[in-house]
Amino acid sequence: MKLSHIITASISALMLSTSCSRGNDSAAGTDFDYTVDRFNDIEVLRYKVPDFENLTPQQRILVYHLTEAALAGRDILWDQNGKYNLAIRDMLESVYTGYQGDKSSADYIALEKYLKQIWFANGIHHHYSMDKFTPEFSREFLAKQVAELGVKADTATLFTVIFDPAVMAKRVNQAEGQDLIATSANNLYEGVTQAEVEAYYNAIKDTTVANPISYGLNTRIAKIDGKVVEQPYKVGGLYSAAIERITGHLTEAKKYAENPAQAATIQRLIDFYTTGDLATFDDYSIKWVEDTASQVDFINGFIESYGDPLGMTGSWESIVNFKNIEASDRTEKISANAQWFEDNSPVDARFRKPHVKGVSAKVITAAILAGDSYPATPIGINLPNANWIRAAHGSKSVTLENITQAYDEASHGNGFNEEFVIDEQTSDLLDRYLFITDNLHTDLHECLGHASGQLLPGVDPDALKAHGSTLEEARADLFALYYLADPKLLELGLLDNPDAYKAEYYKYILNGLMTQLMRIEPGKDVEEAHMRNRQLISKWAYEKGKDANVIEYVKRDGKTFIQINDYEALRNLFGQLLHEIQRIKSEGDYEAGRDLVETYAVKVDPELHREVLDRYASLNIAPYKGFVNPVYTPVKDADGNIIDVTISYDEEYIPQMLRYSREYRTL
Ligand code: ZN
């Protein structure tokens with residue numbers, strides 16, 4: 001299995017967030033309507049592309065061509081996800097747009113809902129659960145419409161695929177003991193068994209080289225004339241029409257590259273699409289990861305392999321973006337001061353690193369989401385995936401801050417704060433400072449927390465065994481929490497108010513003691529490492545601060561609330577726990593680590609758990625979110641040359657999907 005490096009939006013990190021008030025952003029307006037649509041378990045949002053106007057015209061034209069190269073690949077993913085997806089989409093869109101009957105009928109409304117679902121999932125299976133959608137309109141209704149409108153379709157096959165729950169039931173099946181290829185409905189394999197595919201790869205894989213290609217990344221495997229063969233996605237191969245359109249736009253984009261290195265990177269990607277050669281893809285990936293000078297950047301290709309039960313073939317995706325210089329300044333400042341943070345951390349001097357190097361990461365603004373990153377999208381990405389390239393050439397770690405901001409803004413008014421936050425004063429604090437302190441917490445955790453500290457000589461890095469990842473996450477979180485309240489952040493200009501940190505402290509404790517329980521089924525313990533870490537820190541701080549009443553559970557009208565009475569004391573407690581967990585890690589003290597985890601991180605109070613689940617359910621918050629894209633329009637001179645590009649945000653969900661199907665239909 002390939003390593004995949006995607007960060008998806010965690011429910012806990014987002015639900016509490018409300019509006020952000022990062023000073024100069026207020027001009028961007030409260031009248032921007034983030035919510036676009038809501039159906040089933042989905043909420044569709046839109047996102048802003050701040051500072052697009054501040055790029056140069058050349059950069060804007062570069063972005064434009066890259067966004068066209070992104071949208072041109074849409075049908076590839078649809079077809080990878082299932083071989084009838086495009087035919088089903090065509091048939092249903094024809095019925096939907098040609099429909100002459102009663103639009104208030106239950107069948108028509110159900111057809112629209114089903115279309116919204118398959119658009120969102122890029123196919124007939126749920127993007128997350130992988131289960132096939134169940135249509136709520138009748139077979140007779142659809143048959144009648146197809147006949148009346150004269151829609152050309154292989155209805156015998158397509159109706160079975162749509163209406164028979166047993167046919168192509170799951171897109172990706174991971175259940176152990178079954179033939180994962182035969183039982184998965186995706187279109188990455190045809191007529192082969194799992195054993196045949198494994199034997200095929202075992203025969204061709206060269207495990208002796210230090211720089212192996214990513215076998216199978218851009219191929220479908222089929223049996224032809226009794227022989228197992230790879231069918232590459234490339235110009236002249238599978239998906240040629242879509243890929244030619246992608247390379248056409250990449251060729252245009254290359255003319256507007258910011259520098260020769262970026263032009264060479266784009267050319268290598270064109271070479272890869274033209275030849276299908278995976279060594280060329282590696283060469284492209286190296287050029288791409290080493291280009292840190294360009295402001296405009298993009299992902300375009302067969303990247304993540306979650307869509308393949310064997311983790312070989314990459315799902316096609318594209319994200320075009322540009323560096324958010326102001327926000328990246330934040331991560332650069334933190335990294336530049338890594339040694340100061342290390343030298344002043346509240347741990348035993350023996351456990352500090354004499355020479356620490358912060359990991360650098362940039363903050364980006366997404367300009368378009370496409371393929372497997374659309375409409376549902378990650379909020380952080382770390383690429384390339386090839387381990388040997390990561391080791392030899394590094395990786396790019398990015399945060400899509402305009403996407404996290406859209407999540408954050410859209411959650412405002414979802415009722416979460418009103419339900420769970422103790423009072424208006426605290427709510428206001430969260431409104432004002434949670435967005436920035438949440439981002440800073442992530443920066444400190446990622447850039448410094450994990451990189452801080454050292455083991456004593458001879459200590460086994462795996463000494464904490466099964467509790468290692470919980471304790472490691474706790475260490476990074478505590479490092480971040482401790483420094484969020486430090487005057488150093490004001491001095492560096494990263495915060496403008498000495499009380500700002502309280503927003504993150506309140507959210508953290510509320511989440512760790514209560515609201516993250518909404519993600520756990522009744523009767524279950526806390527299992528996941530990040531969740532255990534948050535409960536460990538919160539419960540430990542509650543217990544140790546009990547005598548001084550630092551954190552208090554307050555009951556009001558039968559509901560439980562969290563009140564923090566002494567934020568400074570809470571910071572000291574975070575420092576003490578960091579001191580102890582660093583000692584445990586540096587000395588490899590397994591027993592002490594296990595005791596901490598077992599005492600504080602695992603057990604759930606069933607009564608409080610039930611209360612949180614009930615209160616959360618009453619809010620009716622959509623579990624999954626995704627986005628519509630902005631629309632880019634080229635500005636042309638009298639000769640038809642593109643001289644600039646404008647952006648607009650007014651396209652709705654259904655029109656965008658229908659337009660993409662019209663304008664980017666390639667396969
Ligand atoms: Zn971490």
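Biologist: Leaving aside its neighbours within four places in sequence, which residues is His609 in contact with?

Modeller: Contact means heavy atoms within 4.5 Å. By that criterion, His609 touches Leu517, Ile520, Glu521, Pro522, Gly523 and Val604, once neighbours within four places in sequence are set aside. This is a predicted model, in which local features need pLDDT of at least 70, side-chain atom pairs count only at pLDDT 80 or more, and totals for chains, interfaces and linings use all residues. Residues are numbered from 1 along each chain as its sequence is written, and side-chain values use heavy atoms, with hydrogens and water left out.

Biologist: Is His609 buried or exposed?

Modeller: Buried means under 20% relative accessible area, exposed over 50%, and partly exposed in between (1.4 Å probe, protein chains only). His609 counts as buried because its relative accessibility is 3%.

Biologist: Why does Asp566 count as partly exposed?

Modeller: Its relative accessibility is 34%, so Asp566 falls in that class.

Biologist: Which residues touch the most other members of the largest nonpolar core?

Modeller: In soluble globular proteins, nonpolar side chains tend to be buried together. A nonpolar core is a set of buried Ala, Val, Leu, Ile, Met, Phe, Trp, Tyr and Cys residues joined through side-chain atoms within 4.5 Å. Here the largest core has 118 residues, and Leu142 and Tyr653 touch the most other members. A second, separate core of 79 residues includes Ile334, Phe341, Ala503 and Ile581.
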